[in-house]
Amino acid sequence: EVTINYRHGLPVITLTLPTRSERCRFTVKPTVTTVGAFLQNVQREDKGIERAEVFATDGSKVSDATLMEVLLMNDFKLAINNTGYSVSPPVKDKLSSEHATEMEDIKSLVHRLFVALHLEDHQIRKERELLQKLDHLKEELLPLEQMKARIMKSADAKTSRLLWVGLALMSTQGGALAWLTWWVYSWDIMEPVTYFITYGSAMAFYAYFVLTKQDYIYPDAKDRQFLHYFYRKSKNQHFNVERYNKLKEDLAEAEESLRRLRQPLHLRLPIQEINDKD
């Protein structure tokens, strides 16, 4: 016969061991102990037990990973060697609402005490991990930053030269039109020429819009040309722009995490420890 009683809120399972034919009690923690752990304890107590299994009332085997709390909710069968026992767990008295509320308050208090005792250690350990990550990211970014600065300087110089070339061409065109108008031909002859030059410029601006889906605004056009030179130079010098951007994002994320972590950290740590870290 297998009996189950509750003592101090914990179920006590009493059964007869087959080798010595003596009764033995097993106290289990229902929310922690599994069926497999309980059966191992039974076999460990009596070396003569070769097989120990638990079955539901419909004959299906109960998994060893099932918690005892779930098993004790319904009747079940315990098979030890070739002997089967039908077990009917008693109905545990439900906690009163006042007692349940008191237990919840105790759990909340224990949780707050645990946080108060371990939060600072966790924050300090997390801060060290973030500082190490920042140092590693900065070390990886240093050669990339130097290479990026050289590429940006070269691209900016090429973009500036292109702008000056455009100004020179426009000045040359204006001077040529003035010379042809006043010294070579008359305005009656040059007027159609200037008209078609203006119309051709409008077509060129419209073609820019068709190709880029942007209006021809001088600052935007300058930035576009700068990026063109920058990416072409980066490809020639094997500068991985995607890896650089990923490292910058990781660095910004780590710095933000460190800033948010240090805000409560500085409120909790002693002044001398904060100064040592700074």
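How far apart are the end C-alpha atoms over residues 193-211, and what percentage of the chain there is helix? Over residues 193-211 the end C-alpha atoms lie 27 Å apart, and the chain is 100% helix and 0% strand. The model is predicted, so that local features need pLDDT of at least 70 and side-chain atom pairs count only at pLDDT 80 or more, whereas totals for chains, interfaces and linings use all residues. Residues are numbered from 1 along each chain as its sequence is written, and side-chain values use heavy atoms, with hydrogens and water left out.

**Annotated segments**

The unreviewed UniProt entry carries the annotation "transmembrane region" for residues 162-181 and 193-211; its positions are given in the numbering used here, feature names are shortened, and annotations may be inferred rather than shown by experiment. Over residues 162-181 the chain is likewise 100% helix and 0% strand, with the end C-alpha atoms 28 Å apart. Helices (H or I, at least four residues) and strands (E, at least two) are DSSP runs, numbered from the N terminus.

Strand S1 (residues 3-7) and S2 run antiparallel and are joined by five bridges, where two strands pair if DSSP finds at least two bridges between them. Asn-5 stands opposite Val-12 in S2, and the hairpin of S1 and S2 has two residues between the strands, with His-8 in the turn at a positive phi of about 55°. Strand S2 (residues 10-16) also pairs with S3 in the antiparallel sense, again over five bridges. Here Ile-13 has Phe-26 of S3 as its bridge partner, while Thr-16 has Arg-23. Six residues lie between the strands of the hairpin of S2 and S3, in which Ser-21 takes a positive phi near 55°.

Five of the seven residues of S2 are buried, buried meaning under 20% relative accessible area, exposed over 50%, and partly exposed in between (1.4 Å probe, protein chains only).

**Aromatic pairs**

The whole structure holds eight aromatic pairs; rings of Phe, Tyr and Trp (its six-membered ring) pair if their centres lie within 6.5 Å, and planes under 30 degrees apart count as stacked, over 60 as edge-to-face and the rest as tilted.

Tyr-206 and Phe-209 both belong to helix H4 (residues 187-212), where they are three residues apart, about one turn of the helix. Tyr-206 is exposed, with a relative accessible area of 57%, while Phe-209 is partly exposed at 36%. In the other pair, Phe-230 counts as buried at 8% relative accessibility, whereas Tyr-231 counts as partly exposed at 47%. Ring pairs also link Phe-230 and Tyr-231 with Phe-226, Phe-239 and Tyr-244 into a cluster.

**The largest pocket**

The largest pocket holds about 640 Å³ of space. On a 1 Å grid over the protein atoms alone, a pocket is an open set of points with protein on both sides within 12 Å along at least five of seven lines, in contrast to a cavity, where a 1.4 Å probe fits but cannot get out, and lining residues have an atom within 4 Å of a point. Grid points are joined across faces, edges and corners, and the volume is the space filled by probe spheres set on the points.

Of the 20 residues that line this pocket, Leu-163, Gly-166, Met-170, Tyr-216 and Tyr-218 are the closest to its centre. Helix H3 (97-184), H4 and helix H5 (218-236) are the elements that give two or more residues to the lining, and H3 gives the most, with nine residues. The lining divides into 12 nonpolar, six polar and two charged residues, with Ala, Val, Leu, Ile, Met, Phe, Trp, Tyr, Cys and Pro counted as nonpolar, Asp, Glu, Lys and Arg as charged, and the others, Gly among them, as polar.

**Positive phi in loops**

Most residues other than glycine have a negative phi. His-238, in the loop between H5 and helix H6 (241-268), has a positive phi near 60° and is exposed, with a relative accessible area of 71%.
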